Structure formats: structure tokens, C-alpha cells
Amino acid sequence: MLPTVPVAPKHVDDYAEAAGGEAVDRLREAAKPLQGARFLQVNSTAFGGGVAELLHTHVPLLQDLGIEATWALIEGDEAFFALTKGIHNALQGAPLDWGPDQEAAYWERIRANAELLAELADPFDFVLIHDPQPVGLILALDELGARGGKWMWRCHIDLSSPNPTVWAFFEPIVNRYDAVIFTMEDYRQPGVVGPHVAFIPPSIDPLSPKNAPLAPETVRETLIRYGIDPDRPLMTQVSRFDPWKDPIGVIDAFFLARMEIPDLQLLIAGSMAHDDPEGMRFLDLTEARRDGHPDVHLLTDLQGVGNLEINAFQRGSTVVVQKSLREGFGLVVTEAMWKGKAVVAGNVGGIRLQVVDGETGYLVSSIEDCAARVVELIRDPERRERMGLAARERVRERFLSLREIEDHLRLMASLG
Ligand code: UDP
């Protein structure tokens, strides 16, 4: 069997306060027809990145709802994850050297994973595959004659303008699925024909260590522990060191903003995901752009930055930025909004579902724009607070876990 990820138990009723009692009732209603169903979800990493984050909440909540939920990981070596990272970027439009060798390397690993899955694939009623890395499992299991249940593919990335060669390889695979889920309609490729295509944005867990309330002293202490002055303004971006997240643009925006706000500090915190070998190289590039500046803090999980620290950094920030150039959704934006922060974020992809420009934060399209909005917000505490409150409300209504799980369950029930 593929390695499974153990999850800590969670209880739906505990979410009533954050999400509202009505959201709990709706979710229970949606779970009724699926009692006892065996539901497998598969992705490529238990740590780092948005999908792992979601699954640590969804799987235990599904279990609490009476569904037999399991989370399994596909296995791969560094070369495989370098290839799938290339695929991930290519499906968001980047170039990739793709031909028979790459296809063969992809299938070799996927077939090995399918054999491990075949031992247990049959008894599952529903299988939800996350992102491109494991998407080929469906075909490999069909080859083995070992596929059972309804299969759904959840595409977390922006598939609106994929590299045509790479997409030509994946399209027929995707079309084998009983249902395909995109974050938003813009991400659907016309070649994805269904039979079911659903649009479901992701969500955050308001009770996770990353999002639960924190005492102000803890926030202060955490900032101080990492050499950040809690009494000076702080601009923060939390994200992987990745070209799409534009950490270098963030540093440039910081240097511009600092011309207006001389005591401004910048923090970029990013974890090094296990399936992201490119991260280290991009951290080095970002470090070079920082050029030893004492008020630019670059931190990673290698310095002990975990969920609690991210929580404290987001809460302790004067302004949160997410200057992405491409963004499937941007859970970090949701997390900061839930903490009552006005977010200055790239006017791209799923960020546009979240940030209402001028109401819950600002959408920006350049380094100059980003710097100007940061300066504006830092100078206007009242506006920050007003936008922050609106941001939190928007997340409560649309982007908390219970709503997303409910959407999944309704889709599953409709597949019968
Ligand atoms: N994250 C984290 N530590 C970090 C950087 C990111 O825990 O140093 C988390 C972040 O809080 C968020 C997720 O990783 O929950 C990133 O999801 P997002 O959708 O923003 O981007 P992705 O990495 O999936 O492209």
C-alpha cells in the first residue's frame, strides 16, 4: 500500500463558533447520504504547500462525519519530483523539455505507485487525486484492471494557459475522471469535458495552529525571537521560495516603500517543501537580492518556523503582501485575511476571488503599485482596520473548511 498520513482527530462541532452553526448543519446534511463511504485522497507530500495543509483538516473532519477517509502519498525520488515540479510549472504556462523520455520517466514512477495502490484501490468508493503529480494513477490502475469507485481529480493550479505539449499529454488522462474540480472557471481548459466539472475554491481551517487565536504576548515574543522589532512597522510575505511568488519583487517593493517609511521591516517566510527541489536555489537568489540588509528577514522552516510562528508573523504584521505573479488560490492570503489583515496582493488567479480591491485589501500589478499600497496602509491605521474586518468576514462566509468539505460531499453524492 502507498504510505498513508496519520492525522490528528478533529470535530465538526468545534467549528460552530468560527464558521457559524448553520455551516455545521449544512455540512452534516451533505454527509448523510455518504455514511460509511470509503474515501481515499492522494497527493505527493504530507508537509509544505497548500494541499497538505487542506488534507490535515479535511481528512479528520470527514472521519468525524462518519466517512472512512484515508490520505495516501505517492512515492518518488528527487528526479521524479523535479520532473513533476516542471510539469506543475508547465501546466501554469512555463516551458518544459517534454518528450518520450520524460513521459517514460513519469509513467515508470506512476506505475510503481499504482501497483502499491492496487492492493487497496478496489474497496474505495471515492478517490480524490490532488494536482498533476499523481494524476496518471487512474490510467495505470486501469491497465492493471484494479480500479474501483468514482474518481475525481482536484486541480489546485491555474490551468488557464498551459504549455500545449505538456497539456496534450495530460488532457486524455484528466478526461478519464468521473469528475474534475477547479478552483474557478477561468482555470478550466476547454478540452476538459467531464462528465462532471465542478468549481470549488479551497479553504482554511480556523482552528488549526496556523489560524487559531494567539495571545498578543505570544505574537510579540515570536517576532522578537526572530530578530524582528514588534514596535516598528512590518511587511510580511509568507510563501515558498518560488518564481511565481515573486519574493525578489517583494524585496524591491520593500526597498521602494522604505524610502517613505524608513523604519519599515520586511519578513519573507517560506517553508522548503519536500516536493520542491527548486526552492533552495530560489532562496539563494532571494538572499542575494536582500544583499545583507539587516531589516530584511528571510526565514524558513529550517530555522524552526512552523505553523505557530507563521500564525504569529501574520498577526504581528502591519501589512501582509502576497505579490504572486501566478496563484492557483493563495491560502496565505486567506490566512492573513482571517486574521483581520488588509492584504496587498498580486492581481492574479485565485487571489481575485478573495481580495476585493479597495474593500478587503488591494490588488496590485507592479512593484511600484505594491510599494504604494503598502505605504498607504501603513500610514492609515483606520483603513487597515476597516479593510481587515471586511476581509475576515469574507473568509468566514466563503473560505473556511466546512464549506469546502460540504461542496466535495455534494459533488460525491451527485456521482452516486
Ligand atoms: N506555509 C507554511 N510555512 C511557510 C510557507 C508557507 O506553513 O514557511 C503554508 C502557508 O501558510 C499556506 C501554504 O503553506 O498554508 C501555502 O499555500 P498557498 O496556497 O499560499 O501556496 P502554495 O504553496 O500551495 O503554492
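The structure is a predicted model, in which local features need pLDDT of at least 70 and side-chain atom pairs count only at pLDDT 80 or more, while totals for chains, interfaces and linings use all residues. Residues are numbered from 1 along each chain as its sequence is written, and side-chain values use heavy atoms, with hydrogens and water left out.

The chain divides into domain 1 (12-203 + 400-415) and domain 2 (216-398), with bounds that come from an automatic or database domain assignment. Their C-alpha centres lie 28 Å apart.

We can start with the sheet that opens the numbering. Here helices (H or I, at least four residues) and strands (E, at least two) are DSSP runs numbered from the N terminus, and two strands pair if DSSP finds at least two bridges between them. Six strands in the order 2-1-3-4-5-6 make an open sheet with parallel pairing. At its edges stand strand 2 (68-73) and strand 6 (196-199), each of which pairs on one side only. Neighbouring strands are turned by 20° against each other on average, direction ignored; axes are lines fitted to C-alpha atoms, for helices over the stretch in contact, and angles run from 0 to 180 degrees between N-to-C directions. Within this sheet, five bridges pair strand 3 (residues 126-130) with strand 4 (residues 150-155) in the parallel sense, and Val127 stands opposite Trp151 of strand 4.

Two backbone details in loops deserve a look. Asp131, in the loop between strand 3 and helix 6 (137-144), has a positive phi near 70° although it is not a glycine. Pro195 lies in the loop between strand 5 (179-182) and strand 6, and the peptide bond that reaches Pro195 from Gly194 is cis, with omega near 20°.

A second open sheet, again of six strands, has the order 9-8-7-10-11-12 and parallel pairing. Strand 9 (296-300) and strand 12 (361-364) are its edge strands, each pairing on one side only. The twist from one strand to the next averages 20°. Strand 7 (residues 234-238) and strand 8 (residues 265-270) run parallel and are joined by five bridges; Val238 has Ala269 as its bridge partner in strand 8. Helix 10 (residues 278-290) lies across strand 8 and strand 9, and runs at about 165° to strand 9.

How do the two domains meet? In terms of contact (heavy atoms within 4.5 Å), 29 residues of domain 1 touch 25 residues of domain 2. Together the domains bury about 2200 Å², 55% of it on carbon and sulfur atoms, where buried area is the accessible area (1.4 Å probe) that two parts lose on being put together, summed over both. Lys85, Gln92 and Leu400 supply 24% of the area that domain 1 buries against domain 2, more than any other three residues.

The side chains of Lys85 and Asp242 form a salt bridge at 3.3 Å, N to O. On the domain 1 side that touches domain 2, helix 1 (16-19), helix 3 (50-64) and helix 4 (78-91) each supply at least two residues, and helix 4 gives the most, with four residues.

How values were computed. A salt bridge is a side-chain nitrogen of Lys or Arg within 4 Å of a carboxyl oxygen of Asp or Glu.
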